[in-house]
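Let's walk through this fold together, one kind of contact at a time. Have the viewer open and follow along.

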Amino acid sequence: MENGFLTWLISNKYSYTILTDSSGSIDEKTFGLVKICVSTLVKKLPQSFIQIINFSNNAHMVSDFKKDKIKLEEEIDKNLIRLGQNTNFIPCLELALKKIRELPDDSKHIIIFITDGYPSDNPAKIIKDIIMEKIEFFGIGVGSVSKDGFGILFPGQNILIYHTFQELCDSIEKITPSNVDIPFEYRIKPSENKIQKSGDPLLLDLIIMPSSNKMCFEANEIKFKILTNDYYLGYEVLVDKKVEPEKIFKTHLKLNLKNNSVVKSLPESINFEVQIKNKPYTGYFHLDLAWFCADFKYPENINIFFDGIMGNGKTSIINLIYNLFTSNLTIDNHFLTARQSSHVTTNITFSPICSLLSSKDRDENFLPIYNEIINNLNITLVDKRGITSTETQLDCLLAAQGYYNPHTTEDYKPSAEKNELFECHAFVFVITLGTFSDTSPESEMVKQKITECLTNAKIQPILAITHCDDFSIDQIEKSKELIFQLPIEKENVIFITPYINNETNRIPSKDHLGWKLIKRAFEIGKNTIEKKKSKNSCLDYFSRLELKKKQQQQQQQQQQQQQQQQQQLSFNNTLIENDISKNEMSCSFLECDNNSNSLQFPILSPNPKSTKPWTLLVSKGNKKLKFKVSPYITISDFIKQVSQTFGIEETSFNLEDSDGCVLSGVSNLNDVLEDSSSLTINDTI
């Protein structure tokens with residue numbers, strides 16, 4: 001398993017604590033691999049303070065903090081033993097924190113946590129306390145441990161999962177220090193400063209330059225290779241020009257998608273290898289999520305309403321989402337939360353992300369792509385006062401219809417007139433796992449709002465669950481059973497960890513959860529707008545259909561009148577030319593009206609319509625097919641023919657005419673179309 005985390009781990013100088021599982025789930029043979037993993041990792045880590053603790057029921061100190069790697073190796077060999085019994089996390093974490101606090105300096109610290117199972121106890125509180133002290137976790141799960149489960153246990157931290165300890169050993173053995181050793185400077189950025197789509201190949205610019213005025217590289221001395229990962233295929237570049245001071249090398253990289261990449265999450269980082277005069281180096285670079293803002297290109301503005309229990313992290317999540325588009329490594333606290341000062345949101349605020357971004361100063365190198373983000377991002381984040389059991393709440397249907405605006409007061413009295421500029425297109429409800437699990441009035445109100453959103457506003461809601469780190473894995477799994485009983489799509493339930501007080505640096509794993517949430521909200525919002533357009537289009541279509549029917553009826557009446565007139569004229573001519581008596585004529589051609597002297601002729605139907613078949617052109621992307629059909633076939637039957645011919649489900653597409661109107665119903669084709677019409681297949685969202 002190749003990854004940038006291990007490379008990053010050994011490429012930055014921290015102090016380190018290695019906590020390793022030695023419980024009964026690891027047999028003697030496998031524990032031999034555990035010792036090899038720990039020993040190899042110590043050799044790879046920078047020269048720094050390192051301590052090693054193993055654990056089962058209790059914690060056991062293998063080696064206290066020291067920099068002497070020879071001494072560390074001796075103590076691993078002597079003291080790292082299999083203890084057996086349970087997998088208790090709390091004792092080893094408490095011991096590790098105590099020893100870290102005793103270190104002589106205040107350097108950054110990382111805890112490397114290796115285990116093949118979940119805890120027998122509930123370490124949520126001690127893990128949270130450690131993270132609050134700005135100590136990072138590097139969680140390594142082996143075997144039955146899942147990434148989701150480990151991610152909940154260590155929220156917002158670096159997580160790696162391996163199938164076996166042998167696989168972990170192999171990965172540690174392969175890693176070498178990162179770009180701190182690479183003897184040149186490089187930059188990797190979006191090609192031509194253009195924002196990208198996550199579902200397209202990634203286009204990048206690679207810039208290489210000497211790291212000093214005395215350094216230069218001859219042509220073909222540098223080979224730069226992007227490694228394949230779960231999302232992108234690799235790419236290799238040979239630097240075929242001389243690289244020297246004042247003369248940089250620039251080239252384009254194209255990382256094609258692997259099969260099924262679009263159903264996976266973007267990688268947090270991408271690894272690369274460099275060869276300089278056949279000497280190998282490795283490194284990685286983080287993928288900036290702001291590069292992929294083309295995912296949110298849409299001509300209409302999308303309003304995303306955030307609601308939830310007061311103090312459950314609603315505004316913190318909004319702040320996290322806003323930061324996704326800043327490309328800052330540090331957190332920009334634009335949206336004040338209830339935990340900062342004594343702030344509580346009181347009115348409804350509409351905050352277009354592009355307006356927030358345009359008010360911030362940015363690094364000149366990032367400015368071109370930053371301006372493109374601002375010009376293409378049409379998303380507005382809508383915040384409001386949190387839900388309480390004693391106050392009036394926002395009505396989902398009125399919000400969807402645009403009756404709330406920035407002047408709405410905290411009693412949520414709707415405006416007299418609706419305004420489509422403030423229509424809600426997606427709802428995100430925020431609640432902590434603990435609040436959801438209890439039966440408090442606030443919890444029940446959120447559940448009611450979810451149902452109201454579905455039944456009244458006809459919008460699929462998103463449920464954002466926060467503060468999962470306060471609970472054990474078993475408690476979380478039980479809560480999930482309750483959550484998924486709600487009438488809400490499973491993909492719309494997102495467990496997310498917003499930034500907490502005093503956090504200053506962005507964490508990729510937290511950002512990717514925020515990205516997942518905003519992408520889902522964007523898709524729902526876009527779908528809401530498209531459904532409204534389709535509804536209006538259908539109304540226009542049926543209005544035009546009704547008008548066409550009236551016109552046809554008028555034409556039929558005119559034809560009938562013309563036929564009557566022709567029959568009258570023909571009859572009169574016959575009387576004159578043949579001089580036939582009136583009584584004889586009445587028997588053959590007409591009925592006499594007893595109340596008048598007028599003659600009533602039978603009303604003839606209009607001439608039958610032509611039975612000549614029609615030719616219709618149907619297009620789907622670049623594929624175009626001609627259909628020869630009867631003009632009297634119903635629209636629904638024709639759609640079935642199109643579905644079978646193109647091999648697509650009837651429910652997965654709309655058939656639209658040249659005016660962009662959707663064809664549906666049981667009317668005949670000749671009621672709404674003409675011969676040689678062109679139709680287009682558009683996928684439904």
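**Salt bridges, rings and a sheet**

Start at arginine 101, which is exposed, with a relative accessible area of 54%; the cut-offs are under 20% for buried, over 50% for exposed and partly exposed in between, with a 1.4 Å probe and protein chains only. Keep in mind that this is a predicted model, in which local features need pLDDT of at least 70 and side-chain atom pairs count only at pLDDT 80 or more, while totals for chains, interfaces and linings use all residues. Residues are numbered from 1 along each chain as its sequence is written, and side-chain values use heavy atoms, with hydrogens and water left out.

So what does arginine 101 meet in a salt bridge? Its partner is glutamate 133, at 2.3 Å from N to O; a salt bridge here is a side-chain nitrogen of Lys or Arg within 4 Å of a carboxyl oxygen of Asp or Glu. Arginine 101 belongs to helix 4 (residues 90-101) and glutamate 133 to the loop between helix 5 (124-132) and strand 5 (136-142), so the contact ties together parts that are 32 residues apart in sequence. Helices (H or I, at least four residues) and strands (E, at least two) are DSSP runs, numbered from the N terminus. Glutamate 133 is partly exposed, at 36% relative accessible area.

There are 23 salt bridges in the structure. Another one joins aspartate 383 to lysine 314, with the closest N and O atoms 2.6 Å apart. This pair links distant parts of the chain, 69 residues apart: aspartate 383 sits in strand 16 (residues 379-383) and lysine 314 in helix 8 (residues 314-323). Is aspartate 383 buried or exposed? It is buried, with a relative accessible area of 4%, and lysine 314 is buried too, at 6%.

Next, look at lysine 532 and glutamate 420, whose side chains meet in a salt bridge at 3.8 Å, N to O. Here 112 residues separate the two: lysine 532 is in helix 15 (residues 508-578), and glutamate 420 is in the loop between helix 11 (396-401) and strand 17 (426-432). Lysine 532 is partly exposed, at 35% relative accessible area, whereas glutamate 420 counts as exposed at 56%. Elsewhere, salt bridges link Lys189, Asp205 and Lys250 into a network.

Now for the rings. The whole structure has 20 aromatic pairs, where rings of Phe, Tyr and Trp (its six-membered ring) pair if their centres lie within 6.5 Å, and planes under 30 degrees apart count as stacked, over 60 as edge-to-face and the rest as tilted. Phenylalanine 224 and phenylalanine 272 have ring centres 4.7 Å apart and planes at 25°, so they are stacked. Since phenylalanine 224 lies in strand 9 (residues 222-226) and phenylalanine 272 in strand 12 (residues 269-276), the pair ties together parts that are 48 residues apart in sequence. Phenylalanine 224 is buried at 1% relative accessibility, and phenylalanine 272 is buried at 1% as well.

Phenylalanine 627 and phenylalanine 638 are arranged edge-to-face, because their planes stand at 80° with the centres 5.6 Å apart. Phenylalanine 627 is in strand 23 (residues 623-629) and phenylalanine 638 in helix 17 (residues 635-646), 11 residues apart. Both are buried: phenylalanine 627 at 8% and phenylalanine 638 at 1%. Ring pairs also link Phe55, Phe89, Phe113, Phe137, Phe150 and Phe154 into a cluster.

In strand 16, aspartate 383 is the bridge partner of threonine 349. Strand 15 and strand 16 run antiparallel and are joined by four bridges; two strands pair if DSSP finds at least two bridges between them. They belong to an open sheet of six strands in the order 15-16-14-17-18-19, with mixed pairing. Strand 15 (349-352) and strand 19 (493-495) stand at the edges with a single partner strand each, so one side of each is left without a neighbour in the sheet.
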